[in-house]
Amino acid sequence: MRYAAAIFLSSSLLFLLEPIAGKRLLPLLGGSAAVWTACLVFFQCALLLGYLAAHWIVAHASARTQVAIYVGLLVLSLGQLATAIDPQLRASSTSPITSVLWLLTILIGLPFVTLSATSPLLQAWYARAIQHRIVTESPTGETIHPYKLFAVSNVGSLLSLLIYPFFIEPRWSLREQTAALAVGFFVLAMVCSAIAWSTRDVPMLAAQATSSAVSREAQGRGSLFDRSLWVGLAACSSLLLSAVTTHLSQNVATIPLLWIIPLVVYLLTFVIAFGGDRWRPRWVMVNAGLFGISSAGYLLYKGDLFTPIVRAVVIFCAALFALCLFCHSELYRRRPAPQHLTTFYFFVAAGGALGATLAGVVAPTLLTGSYELGCGLCLAALLGFAVTWSSGWLSRALWFVVTAAMVTVVVKQVQSDRADNIVRIRNFYGTLHGTQEYDGTLHATERTLYHGVIEHGQQVYRADLFNAATSYYGHSSGVGLAIDNCCTGRARKIGVIGLGTGTLASYGAPGDTIRFYDLNPAVEPIARKYFTYLRDSPAHIDVVNGDARVSLAAERPQQYDVIAVDAFSGDAIPVHLITIQALELYRRHLNAGGIVAFHISNRYLDLAGVVQQIADRAGMRTAFISSSEDLPHDVFSSDWVLVTSNENFLNLPVVKKASEPIKIPKRLRLWTDDYNSLLPILRIRGVDTT
């Protein structure tokens with residue numbers, strides 16, 4: 001089982017490489033989910049390049065030359081991995097997509113391409129070895145079909161995906177993970193070199209295979225129609241993977257690690273589809289596609305707010321499973337003979353890259369909302385129409401109706417967004433939308449800004465609340481106590497990481513300076529045009545666009561009295577803003593008695609212990625302020641941790657009365673740019689099941 005073991009190991013390393021490289025970029029480009037989406041575009045494109053390399057090597061090089069080229073790639077890749085253990089990286093937040101692609105190329109470009117090429121290359125060598133009967137891979141003496149090794153490849157990917165967040169990330173730093181990855185790559189290089197050497201003298205595959213395992217396959221290389229379907233089916237499943245992940249995290253529930261479930265579903269369908277089709281009648285797969293389209297389309301049509309969170313997550317993931325199984329089963333059914341398998345894998349990878357690019361680059365650029373899921377369902381319906389064309393007029397009519405229904409769902413989604421929102425903008429960092437509605441409790445009109453399902457501030461059009469500190473920023477909140485009591489009798493200088501609607505500008509008095517930092521350049525125009533906090537504040541207001549850590553690192557010390565860390569990615573502070581290195585940077589910009597206020601309100605993550613540990617390491621003290629809601633004044637309950645060395649502030653009666661003890665979760669380690677894990681602070685019971 002040398003081939004299966006090598007393919008399993010290469011795929012495992014590939015899926016370990018992805019999160020390790022992605023986490024390297026967070027301190028450089030911000031904690032937005034868009035950074036990970038851009039990473040997925042790189043991974044799919046690098047996978048395509050690896051498959052192209054494998055196809056070129058097999059199609060144009062002799063057996064001995066193939067061995068030489070591949071072993072050379074392994075050696076060079078190992079060298080790049082060794083230099084990536086402790087890299088010195090710089091990034092530009094003005095061109096985030098370009099930075100992601102360039103930095104990943106520097107970090108893992110060649111190793112990723114080489115690992116991507118390993119599976120199709122070894123499968124081609126294995127098919128060649130079968131034809132010349134020099135291997136027997138199963139205990140029964142029968143040969144394994146080459147395409148089934150693709151299922152083995154996805155099992156390795158699936159295993160790595162599951163063990164990384166639960167076993168590797170909580171225990172090892174990024175530097176240790178990279179070193180272990182280099183060791184695993186060295187082992188793979190040894191195994192693959194041995195396999196390559198053993199096949200160096202085996203002739204190239206003949207046009208017609210002779211093995212009984214191969215002779216049952218169609219010997220063609222695939223018609224133009226087949227190749228178009230290879231690309232279309234792979235693109236559809238890749239697009240749906242990204243679309244469902246984005247939809248769940250932004251529009252259904254911001255549950256940490258939720259992104260793992262769709263990716264597990266995606267990989268599992270590859271394992272099932274390429275494991276053989278004896279027990280998968282085609283009519284079952286076609287009906288699975290219909291189920292996936294209809295169930296996801298129904299939820300989109302009905303609206304997520306009318307469906308309980310857990311039920312919505314289950315239905316969307318079940319729909320993704322059904323649709324990916326349909327697409328991947330059709331891919332397997334239309335596979336060519338093994339001597340053309342590298343061509344097949346190249347077109348499949350091209351489809352995967354196309355789907356990821358549509359979701360990660362084209363959709364944020366061209367669409368004003370998160371419509372790619374609906375568009376993906378339309379594409380799935382069109383593909384169903386195409387692959388079942390030969391089934392007769394009844395089938396064609398059914399799929400035509402399904403396609404028309406999905407187009408209707410997308411049109412309704414767009415119309416609904418335009419009707420309910422006063423503003424809707426989408427860019428690399430996600431979708432921002434503002435609403436205006438009458439609140440019966442407050443007896444007033446209110447405007448609210450959302451990023452996905454997360455509220456980023458609101459303003460009440462009532463005389464006593466119009467310029468008041470509302471939502472999470474009331475005077476009884478942690479940030480309210482910090483600003484009100486930091487420096488009595490003089491002008492204040494306040495830094496705020498995260499702009500939102502600019503609610504904290506309401507604390508400004510004549511002579512004060514409030515400087516906002518925000519990663520998303522689309523936020524400031526919305527805050528200035530649709531909300532009045534910034535323009536009505538008597539304080540001097542500055543807004544700096546770009547990631548706060550990058551901006552602060554480039555500035556001279558600002559001597560802030562208060563720094564409010566209020567930037568949210570999903571429902572939590574981006575990880576790189578809550579590490580010991582981040583606190584050291586904030587401290588450089590504080591005056592002698594300054595305060596850092598971390599906003600940690602979250603249903604799913606207990607971040608108080610994280611802040612306590614970084615404060616302890618920095619030699620500073622904390623005050624955990626958990627304030628209650630005051631709905632008549634539009635003030636929500638909120639959790640803030642104040643970090644300071646100012647004993648006089650901490651001993652104020654109003655602060656001491658509001659402070660609560662912080663309990664540090666077991667197994668929680670100090671968060672650094674090199675180490676962090678959500679697992680020890682995850683609140684399972686926090687999931688909303690209503």
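This is a predicted model: local features need pLDDT of at least 70, side-chain atom pairs count only at pLDDT 80 or more; totals for chains, interfaces and linings use all residues.
**Note on the fold: sheets, helices and their packing**

1. Start at the end of a helix. Helix α20 is followed by Gly619, and the phi of Gly619 is positive, near 75°.

2. Helix α20 covers residues 608-618. Nine of its 11 residues are buried, so the helix counts as mostly covered. The buried set consists of Ala608, Gly609, Val610, Val611, Gln612, Gln613, Ile614, Ala615 and Ala618. What do the buried residues of α20 pack against? Their partners are helix α19 and strands β9, β10 and β11.

3. Now the overall count. The protein has 22 helices and 12 strands. Of its 690 residues, 60% are buried. Among contacts with a separation of 6 or more, 77% join residues 24 or more positions apart.

4. On one pairing, β5 runs parallel to β6 (residues 513-518), with five bridges. Ile497 stands opposite Tyr517 in β6. β5 also runs parallel to β8, here with four bridges. In that pairing, Ile494 faces Val562 in β8.

5. Ile595 stands opposite Thr644 in β11.

6. A second open sheet has four strands, in the order β1-β2-β3-β4. Its pairing is antiparallel. β1 and β4 (454-461) are the edge strands. Each has a single partner, so one side of each is left without a neighbour in the sheet. Direction ignored, neighbouring strands are turned by 15° against each other on average.

7. Within this sheet, β1 (residues 421-427) and β2 (residues 430-439) are antiparallel and share six bridges. The two strands form a hairpin, with two residues between them. The bridge partner of Arg424 is His433 in β2.

8. The next pairing joins β2 to β3 (residues 444-451). How many bridges hold this antiparallel pair? There are eight bridges. Thr435 stands opposite Thr448 in β3. Helix α16 (residues 523-530) packs on the sheet and touches β1, β2, β3 and β4. The direction of α16 makes about 165° with that of β1.

9. Finally, a helix pair. α5 (residues 148-168) and α9 (residues 260-273) pack with their axes 8 Å apart, at an angle of about 160°. The two helices are therefore roughly antiparallel to each other, the cut-off being over 145 degrees. The crossing of α5 past α9 is left-handed.

10. Which residues of α5 and α9 meet? α5 contributes Phe150, Ala151, Asn154, Val155, Ser157, Leu158, Leu161, Leu162, Pro165 and Phe166. α9 contributes Ile260, Leu263, Val264, Leu267, Leu268, Phe270 and Val271. By class, the contact has 15 nonpolar residues, two polar ones and no charged ones. On the spacing of such residues, one general point applies. An α-helix has 3.6 residues a turn, so residues three or four places apart point the same way.

Definitions and conventions:
Residues are numbered from 1 along each chain as its sequence is written. Side-chain values use heavy atoms; hydrogens and water are left out. Two strands pair if DSSP finds at least two bridges between them. Buried means under 20% relative accessible area, exposed over 50%, partly exposed in between (1.4 Å probe, protein chains only). Contact means heavy atoms within 4.5 Å. Axes are lines fitted to C-alpha atoms, for helices over the stretch in contact, and angles run from 0 to 180 degrees between N-to-C directions. Angles under 35 degrees count as roughly parallel, over 145 as roughly antiparallel, 65 to 115 as roughly perpendicular and the rest as oblique. A crossing is left-handed if the near helix is turned anticlockwise from the far one by less than a right angle, and right-handed if clockwise. Ala, Val, Leu, Ile, Met, Phe, Trp, Tyr, Cys and Pro count as nonpolar, Asp, Glu, Lys and Arg as charged, and the others, Gly among them, as polar.
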